[in-house]
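Biologist: I would like to learn how to read a model like this one, feature by feature, with the general idea before the particular case. Could we begin with the overall layout and then work inwards?

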Amino acid sequence: MSHLHIPDGIINPIWLLIGFIVTGLIICLSLFMLRKRDIQKLVPRIGIISAVMLLGMSVPLPVGIGYHLNLSVLVGIILGPWAGFISAFIVNLILALMGHGGVTVIGLNSLIIGSEVIFGFLFFKVFSRFLRINISALITTFFVLALSTSFMIGIVGITQINPAKFLHHHEHNHQTQLEEHSHQVESQEELSEISLVRFAKIIIPFAFIGWVIESLVTSIIISFVGRVKPDLFYEEKR
């Protein structure tokens with residue numbers, strides 16, 4: 001859930017521009033770092049993993065708020081930080097074109113999900129030196145999602161959008177049965193503004209449940225991959 005489920009026209013354009021610029025720079029750096037990789041193997045791999053990530057992000061979980069699996073840590077472990085960030089951008093682009101968040105928010109959302117990919121790769125690399133891979137994946141996913149949720153809340157704070165709009169559109173994206181009612185409410189009155197602290201107090205308890213679920217799912221998948229095809233894990237070329 002750690003990304004901005006809000007439509008276009010809510011965030012100040014300067015923050016959207018910064019999001020696109022930083023995302024563009026990281027993609028350029030990623031392409032540079034991947035220049036020596038076998039493109040014929042890498043591109044299909046990015047496509048398959050992106051499809052899995054897209055599927056996970058399209059299925060809402062009933063945890064009280066609109067929550068879905070990101071599988072971004074899994075992507076980081078399998079694709080590595082550079083191809084993983086490109087995968088995160090592709091998924092955010094497709095989701096935005098499907099109406100899952102605004103098109104102008106793609107840059108900021110790519111940074112949030114991309115941070116999960118990069119830190120997921122780094123934390124797993126460290127933990128897996130001392131722990132079994134399933135335990136490493138479990139711990140890594142939990143802490144990375146907690147970190148990215150804090151990052152997302154920070155973006156809501158610095159962009160100075162009304163957190164109530166985030167909650168409204170977050171819920172709206174996953175509960176279509178409320179669509180008509182939501183439009184009526186929005187047209188009748190402005191959403192009441194809530195503080196960032198209250199927003200965090202609402203988000204974090206529900207997000208905690210999602211962190212646990214996604215940590216368990218990622219751990220199970222990593223354990224399975226580790227048994228049947230461990231060469232799928234990303235390894236840095238030396």
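Biologist: How many helices and how many strands does the chain have?

Modeller: Before counting, keep in mind that this is a predicted model. The chain has 8 helices and 2 strands, and when it is read along the sequence these follow the pattern α-α-β-β-α-α-α-α-α-α. Of the 238 residues in the chain, 46% are buried. Among contacts with a separation of 6 or more, 81% are between residues 24 or more positions apart.

Biologist: How should I read the packing of two helices, and at what angle do helix 5 and helix 8 pack?

Modeller: Two packed helices are described by the angle between their axes together with the distance between those axes. Helix 5, residues 133-158, and helix 8, residues 196-228, pack at an angle of about 150 degrees, with their axes 7 Å apart. An angle over 145 degrees counts as roughly antiparallel, so helix 5 is roughly antiparallel to helix 8. The crossing of helix 5 and helix 8 is right-handed, and by class their contact has 20 nonpolar, 9 polar and 1 charged residues.

Biologist: Which residues of helix 4 and helix 5 meet, and how do the axes of these helices cross?

Modeller: The axes of helix 4, residues 106-127, and helix 5 come within 8 Å and cross at roughly 150 degrees, and these two helices are therefore roughly antiparallel to each other. Their crossing is right-handed. On the side of helix 4 the residues in contact include Leu108, Phe119, Gly120 and Phe127, and on the side of helix 5 they include Ile133, Val144, Phe151 and Ile155. By class, the contact of helix 4 with helix 5 has 16 nonpolar, 5 polar and 1 charged residues.

Biologist: Is helix 2 roughly parallel or roughly perpendicular to helix 3?

Modeller: The axes of helix 2, residues 39-57, and helix 3 come within 8 Å and cross at roughly 70 degrees. Angles of 65 to 115 degrees count as roughly perpendicular, so helix 2 is roughly perpendicular to helix 3. Helix 2 passes helix 3 in a right-handed crossing. The contact is made by residues including Ile46, Ile49, Ser50 and Met53 of helix 2 and, in helix 3, residues including Val75, Leu79 and Ser87. By class, the contact of helix 2 with helix 3 has 15 nonpolar, 3 polar and 1 charged residues.

Biologist: How far apart are Gly80 and Tyr234, in sequence and in space?

Modeller: Gly80 and Tyr234 are 154 residues apart in sequence and 5.3 Å apart in space, C-alpha to C-alpha. Gly80 is found in helix 3 and is buried, with a relative accessible area of 0%, whereas Tyr234 is found in the segment after helix 8 and counts as buried at 17% relative accessibility. Not counting residues up to four places away in sequence, Gly80 touches Val75, Val117, Phe121 and Tyr234, while the residues that Tyr234 touches include Arg37, Gly80, Trp82 and Phe121. The C-alpha atoms of Tyr234 and Gly76, 158 residues apart along the chain, are separated by 8.2 Å.

Biologist: What is phi of Leu71 near, and where is Leu71 placed?

Modeller: Most residues other than glycine have a negative phi. Phi of Leu71 is near 60 degrees, a positive value in a residue other than glycine. Leu71 is placed in the loop between strand 2, residues 66-68, and helix 3, and Leu71 is buried, with a relative accessible area of 7%.

Biologist: Finally, which residue forms a salt bridge with Lys229?

Modeller: The count comes to 1 salt bridge. Asp231 forms a salt bridge with Lys229, and the closest N and O atoms are 3.6 Å apart, which falls within the 4 Å cut-off. Asp231 is exposed, with a relative accessible area of 53%, whereas Lys229 counts as partly exposed at 41% relative accessibility.

Note on methods
Residues are numbered from 1 along each chain as its sequence is written. This is a predicted model: local features need pLDDT of at least 70, side-chain atom pairs count only at pLDDT 80 or more; totals for chains, interfaces and linings use all residues. Side-chain values use heavy atoms; hydrogens and water are left out. Axes are lines fitted to C-alpha atoms, for helices over the stretch in contact, and angles run from 0 to 180 degrees between N-to-C directions. Helices (H or I, at least four residues) and strands (E, at least two) are DSSP runs, numbered from the N terminus. Angles under 35 degrees count as roughly parallel, over 145 as roughly antiparallel, 65 to 115 as roughly perpendicular and the rest as oblique. A crossing is left-handed if the near helix is turned anticlockwise from the far one by less than a right angle, and right-handed if clockwise. Ala, Val, Leu, Ile, Met, Phe, Trp, Tyr, Cys and Pro count as nonpolar, Asp, Glu, Lys and Arg as charged, and the others, Gly among them, as polar. Contact means heavy atoms within 4.5 Å. A salt bridge is a side-chain nitrogen of Lys or Arg within 4 Å of a carboxyl oxygen of Asp or Glu. Buried means under 20% relative accessible area, exposed over 50%, partly exposed in between (1.4 Å probe, protein chains only).
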